[in-house]
Amino acid sequence: MRIFDPHIHMTSRTTDDYEAMHAAGVRAVVEPSFWLGQPRTSPQSFTDYFDALLGWEPFRAAQYGIAHHCTLALNPKEANDPRCTPVLAELPRYLLKDQVVAVGEIGYDSMTPAEDAALEAQLQLAADHGLPALVHTPHRDKLQGLRRTVQMVRACALDPERVLLDHLNETTVREAKDSGAWLGFSVYPDTKMDEARMVEVLRAYGPEKVLVNSAADWGRSDPLKTAKVGEAMLRSGFGEDDVDLVLWRNPVAFYAQSGRLRLDTPAAGATFEGNSILRGTPGAPDVPAPVGS
Amino acid sequence: MTTVPARHDTPADTGAPGLPPGLDGPARAWLADALTEAARAAQAEADPGGTWQIRFAEAGRRCGPGHADAARVELLAAARPGVADLTALYRQGTAAERRAVLLALGRLEPAAAEGLALVEDALRTNDTSLVAAALGPYAAAHLPAHAWRHGVLKCLFTGVPVAAVAGLSARARGDGELGRMLRAYAAERTAAGRPVPHDLTRVLALTEEP
């Protein structure tokens, strides 16, 4: 089983996770920029974070044979904080970077006018930079949020083909599918979707344009949920080709629209700006062989 | 030398204004001094040393975690900082200090523009103690309907008992839009095969009262 996790926050995870993910078949990830749990207070703390998503984190991933790309944006929650919104002016220079495969996560949290403005501006930034957009749908008042998101997408310069609507569930999948966008599902231990429900949604709506992610982060989450959905699909009678479509070809097709997806893991350098992940013990981690070897 | 006084080793003294009940002797003496400093700062044009703000920061270790919120709220009530200082205390504060600022808003009644910025900041966090503290009497009086409804939903999402929401009955009663949001959330829980929180049913019933 080859797996592409199209939404995972690896900066919040350990090298043990990378190792377990590689063992489970994960060979590529996309890390969307998001809220860190602790509110940011300035655009500079965004730019340091963006630099980490473009520098240190791909280096870490490469040590474990995993290709790492990212999506950059001002997240919906912090779009409400006037101390953070100036980062919008910094985004254009970041959206030029090779490893940026979409603008995201953008979307709604509380559905405020400030969130409207940030979403609209960033959909336009995606169009201007030839990038697709990863759009988070809100956790509270979800269906209403999905509808407002779809309206905003319809009004923007981006084709729905270039939009991934994420964190969908049973109540939002129908209208999301009708919008023509790609359909993202986050599978969590307690909240969002679980494996069995994911299989039911795939049965009802088909695997076309469906992406499954772990959205693993600093909260209770599981970076192996993608693999677990693949196993649940096989147990429920889906074929290996369906699993490969959902867990690999669909995310590849969506993010390849950026023209920037590189799935050959670059040969891992021993250090990144003088730092290694080895903590001074040569060969300490059981580093898997790079992809293709 | 600044060892944390042992908890509950001195009979609690109660009754003095501004002092939370249950504080042991050393903590009680420390807080009484700190409140005097804070009251002096409230009288002064400026508080050059900001001594009471140092007391505000150290109140947790001085009074013990069980009394820290109450001690800090009393310090704020005594010092009556302006919105700029209050905002700085919140922004530079630990989660506990931020919580105290939120809990004190109802007594300090800062101008809505500045006070609500703090409430809204707290409602964006996922720290349940901040979410709960943000929905006190100040939010009940000033928070606009949309943000308040999202605050109530956030309580249901994060497991904050809605009993923490000040003025819940008065604001929820007859709120059709809140009712719609609650019914949609209940439908989502049901579709996921998950139980509908008891608190949701309770608030929904309130929205259906005339």
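**View 1. The second largest pocket of the predicted model.** About 490 Å³ of space lies in the second largest pocket of this predicted model, where a pocket is, on a 1 Å grid over the protein atoms alone, an open set of points where a 1.4 Å probe fits, with protein on both sides within 12 Å along at least five of seven lines, and lining residues have an atom within 4 Å of a point. Grid points are joined across faces, edges and corners, and the volume is the space filled by probe spheres set on the points. The pocket is lined by 27 residues, with Asn80(A), Thr112(A), Glu120(B), Asp121(B) and Arg124(B) nearest its centre. At least two lining residues each come from helix H5 (113-128) of chain A and from helix H4 (83-91), helix H6 (112-124) and H9 of chain B, and H6(B) gives the largest share, 6 residues; helices (H or I, at least four residues) and strands (E, at least two) are DSSP runs numbered from the N terminus. The lining divides into 10 nonpolar, 7 polar and 10 charged residues, with Ala, Val, Leu, Ile, Met, Phe, Trp, Tyr, Cys and Pro counted as nonpolar, Asp, Glu, Lys and Arg as charged, and the others, Gly among them, as polar.

The model is predicted, so that local features need pLDDT of at least 70 and side-chain atom pairs count only at pLDDT 80 or more, while totals for chains, interfaces and linings use all residues. Residues are numbered from 1 along each chain as its sequence is written, chains are lettered from A and ligands numbered from 1 in the order in which they are written, and side-chain values use heavy atoms, with hydrogens and water left out.

**View 2. The largest pocket.** The largest pocket has a volume of about 1100 Å³. Its lining comprises 41 residues, of which His139(A), Tyr188(A), Thr191(A), Lys192(A) and Asn126(B) lie nearest the centre. Helix H9 (145-158) and helix H11 (176-191) of chain B are the elements that give two or more residues to this lining, which divides into 13 nonpolar, 13 polar and 15 charged residues.

**View 3. Thr125(B) in the loop between H6 and helix H7 (128-134) of chain B.** At 4% relative accessibility, Thr125(B) counts as buried, a term that means under 20% relative accessible area, computed with a 1.4 Å probe on protein chains only. The side chain of Thr125(B) reaches the backbone nitrogen of Asp127(B) at 3.4 Å, a polar contact being a pair of N or O atoms within 3.5 Å, of which, within protein, one must be able to donate a hydrogen and the other to accept it, and residues adjacent in sequence count only if both atoms are side-chain atoms. Leaving aside neighbours within four places in sequence, Thr125(B) is in contact with Trp35(A) and Pro39(A) as well as Leu130(B), Val131(B) and Lys154(B), contact meaning heavy atoms within 4.5 Å.

**View 4. Helix H8 (residues 195-205) of chain A and its surroundings.** The buried residues of this helix are Glu195(A), Arg197(A), Met198(A), Val199(A), Val201(A) and Leu202(A). What covers them includes helix H7 (173-178), strand E7 (182-186), strand E8 (210-213), H9 and helix H10 (240-256) of chain A, together with H11 of chain B. At the start of H8(A), a side-chain oxygen of Asp194(A) reaches to within 3.2 Å of the backbone nitrogen of Ala196(A), and after the helix comes Gly206(A), whose phi is positive, near 80°.

**View 5. Met198(A) and the nonpolar cores.** Met198(A) is, with Leu72(A), Leu123(A), Leu165(A) and Phe185(A), among the residues that touch the most other members of the largest nonpolar core, which has 70 residues; such a core is a set of buried Ala, Val, Leu, Ile, Met, Phe, Trp, Tyr and Cys residues joined through side-chain atoms within 4.5 Å. A second, separate core of 59 residues includes Leu19(B), Leu23(B), Leu108(B) and Met181(B).

**View 6. Thr207(B) in helix H12 (residues 198-207) of chain B.** Thr207(B) counts as buried at 7% relative accessibility, and its side chain reaches the backbone oxygen of Leu204(B) at 2.6 Å. Not counting residues up to four places away in sequence, Thr207(B) touches Ala172(B), Arg173(B), Gly174(B), Asp175(B), Leu178(B), Gly179(B) and Leu182(B).

Notes: Buried means under 20% relative accessible area, exposed over 50%, partly exposed in between (1.4 Å probe, protein chains only).
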